[in-house]
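Could you walk me through this protein model as if I were new to structures?

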Amino acid sequence: MRLTAAVLTAALLHGAHALPQGVPGSATAPPTITISTAVASPSVPLSSALPSQAPLPPTQPWCPSKIFCAGALIQTVNLAKLFPDSKTFVDKPTSKSSQQVLADFNKLANSTSLTEGDILNFVNSDFRGEGLELEAVPLENFKPEPAFLSGVADPLVKGFSQTVHGYWTQLIRNTNQSALCPEGTQSGKCESSLIPLNHTFVVPGGRFREQYYWDSYWIVQGLIRSELFSIVNDTLQNFMDEIENFGFIPNGGRIYYLDRSQPPLFIHASHMLADYVAASNDTSILKRALPLAEAELKWWADNRSLNVTSPFTNRTYTMARYAVNNSAPRPESYLEDYSTANDPTLETPLNEQQRSDLYAELATGAETGWDYSSRWMALPHAGGSNNTNPALRSLNIRKTIPVCLNSILYKAHSLLADLYDAQKQNASAASSHRKTAATVRAGVLDLFWDPSKLAFYDFNLTSNARNDIFTTATFYPFWNGIIPDEVLSSGEKAFGAFSVINLVLNRYNGTIPVTFLESGQQWDAPNAWPPHQHIALEALRALPANVTSGALPTPAAGKSSFDLLPSGQIGVSEDELPGQPISGTGANATKTGPDADVSRLNGTVFNGGNATDGEGWAAALQRELANRYVASALCSWHATGGEIPNLLPRLSDQELNVTQSTTNTGNMFEKFSTSDIDSAGRGGEYTVQAGFGWTNGVLLWIASTYGNVLVAPQCPNLLEQVQTTNSTGATSPSGTATSPSGSANPTSTGANAAVGQQAASAFAVFLAVVASMVLSL
């Protein structure tokens, strides 16, 4: 059975109901850690000859391995399609020496009749299970009830938060010294792609079985709330070791990531290092950290920066971009990249230079963390959502100056200056960083801010203009303390900059999507990612009270929340927005007018908590978004087998059979759907992952920050949804919203816009859940 990068959706769901609750008790103990490895599943008979190959890409100087980096071996194994995920193979340490593995492969390669079975036998004979160089370890000094739980008022939300707090015990890892291969490729009993780490770390989960850079920021946010300060320290020490060894922090803990980094959050704004020092009072770490933070910022300045002259003011700024030097498929996504570059449907095949440029763009996309999004594409709709290769071939990331990256670097310089001042040392360095921060801030406001649309957009070097695709990157400058004068001086314009959040909460059933374009890419609609919900909440918190104290605006008669957006802000008309399907009808909610706001209730939104007297608009949006995030996490977890003894009963096998979760214990997914609170997101080049580090971290941060306004969500009724769909025969490719009363505009009296999925999705859930179980450590 081959698992493709298919949709993971919730199975057929309907209705909405308050979750049954028992007497409050302790959260469930975390499930036992299971380490498993994938079994090869060839998609063709073993006697089949391997397909012909395109010419090998150049050897990559940053990745010297002849086994796990670009070369004949990795290309041949990937074309055999033994595993549904290319990353599986490159995470397998060899069971023999490098020389013996290469000798065994060369014997095969010289054969005139190489078959699928030959490659399968080679891999089974010469490689061990993926990820076995890592080991799960006990989590010391774990507190079952960290202090933040006392501030969570609702018993169910408190119990769920405590359960998620316990999941750190499943995601903690060390390097397994007994299974470790020696560094280098010339000697030793085996070879591995792992970058060994000296300290304990937390993995995201699923296929992401090693430490990752930007994931770790949101993991750290959760660890701090869980009072696991020693693990935060270990995380930071691992990153400092990598800066010492490589000059920068790689994307992740494998040698095939050594050509790229990720969003630089090590020192950044209220982030890892500063948050740890503030929470733990451990200033001793700064003696080592400050020089290495300088080294990281120098790497970004030396390798990822260029001068940009503004067409708006004619001022020139030194700004950063993502730009990876790479001319081969990424080893962890080798087959996907190879297939994109060597697409047999191309009328004119790419030449060597075009392939090299495409491989550089694909690797650069991975460095952004947003791999991939219409944000980066010259032709985002090319090929349609079911064939994303044409759009991927139009990637233009290296010629894009991203608002998110430069906002992060602005705050990194500001924060580093603050840390120097706090230590009463190196005043000249503090002054230099403040000067750099001021220049970057000016560039962000000049190049990215559109004062008429009240939003930030990336700057495109190709067109020498701002892009017009609206994304959640618009919230990054606010998050990092860059607030335009228009916003600071007007409550109306301040709301305009955040009015899209109000639209999402009224129009859809989930949280904020990355964009409003349904491209088939995972960093586009309908996907809503945990980090972006946190960033949006922090952005709202950054606004001053004088522009946020007014009441939440309401649309004029006959209008929807779309009418409150600044003209042209999101780049699509109201009737071009992604739909919100209505269960049992086979149709979407109306696209325009007040009935489009299917989640609007009296004074709040569905699963948005309870309004309070005198609540300002920014506080209201925070309350609603925080509650909606909890609903997305809790409902999808409960629908896949989650339970809390004496508090939240497990669903019946009949209900769990709808999501093929009768043997599951609840999934915390890496991404959610804006139109289905009971579903994971979809799209991209791998199946949706469960675990999940940043999802857990954001949940704990929200519980700690908004615990007094969080309420138990109402989740879709699985069996009612099945019955409704069976009786109507309605089908739809996307999630479905349900209003039991039949009204498109539910009220606070009980009509609930809960979300679901169509019958065909149940099997997709099964495939993805199996994938996550097989791939998980």
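Here is a briefing on helix pairs, a cavity and some backbone details.

This is a predicted model, in which local features need pLDDT of at least 70, side-chain atom pairs count only at pLDDT 80 or more, and totals for chains, interfaces and linings use all residues. Residues are numbered from 1 along each chain as its sequence is written, and side-chain values use heavy atoms, with hydrogens and water left out. Helices (H or I, at least four residues) and strands (E, at least two) are DSSP runs, numbered from the N terminus.

**Helix α7 and its two partners**

- Helix α7 (residues 213–225) packs against helix α19 (residues 530–541) at an angle of about 65 degrees, with the axes 10 Å apart; axes are lines fitted to C-alpha atoms, for helices over the stretch in contact, and angles run from 0 to 180 degrees between N-to-C directions.
- That angle makes α7 roughly perpendicular to α19 (angles under 35 degrees count as roughly parallel, over 145 as roughly antiparallel, 65 to 115 as roughly perpendicular and the rest as oblique).
- Tyr-217, Trp-218 and Gln-221 of α7 meet Pro-531, His-534 and Ile-535 of α19, where contact means heavy atoms within 4.5 Å.
- Sorted by class, this contact of α7 with α19 has four nonpolar, two polar and no charged residues (Ala, Val, Leu, Ile, Met, Phe, Trp, Tyr, Cys and Pro count as nonpolar, Asp, Glu, Lys and Arg as charged, and the others, Gly among them, as polar).
- With helix α22 (residues 693–706), α7 packs at an angle of about 40 degrees, and the axes are 7 Å apart.
- The result is that α7 lies oblique to α22.
- On the α7 side, the residues that meet α22 include Trp-214, Trp-218 and Arg-225, and their partners in α22 include Trp-694 and Trp-701.
- The contact of α7 with α22 has seven nonpolar, five polar and two charged residues.

**Helices α10 and α14**

- The axes of helix α10 (residues 286–303) and helix α14 (residues 403–422) come within 11 Å and cross at roughly 150 degrees.
- These two helices, α10 and α14, are therefore roughly antiparallel to each other.
- Among the residues that meet here are Leu-290, Leu-297 and Trp-300 in α10, and Leu-409, Leu-416 and Tyr-420 in α14.
- By class, the contact of α10 with α14 has 11 nonpolar, one polar and one charged residues.

**The second largest cavity**

- The lining has six nonpolar, two polar and three charged residues.

**Backbone details**

- Most residues other than glycine have a negative phi, and most peptide bonds are trans.
- A cis peptide bond joins Asp-371 and Tyr-372, with omega about 5 degrees; Tyr-372 sits in the loop between α12 (352–368) and α13 (389–392).
- Another cis peptide bond joins Ala-525 and Pro-526, with omega about 10 degrees; Pro-526 is in the loop between α18 (491–507) and β12 (527–528).
- Asn-314 has a positive phi, near 70 degrees, and is found in the loop between β5 (305–309) and β6 (316–320).
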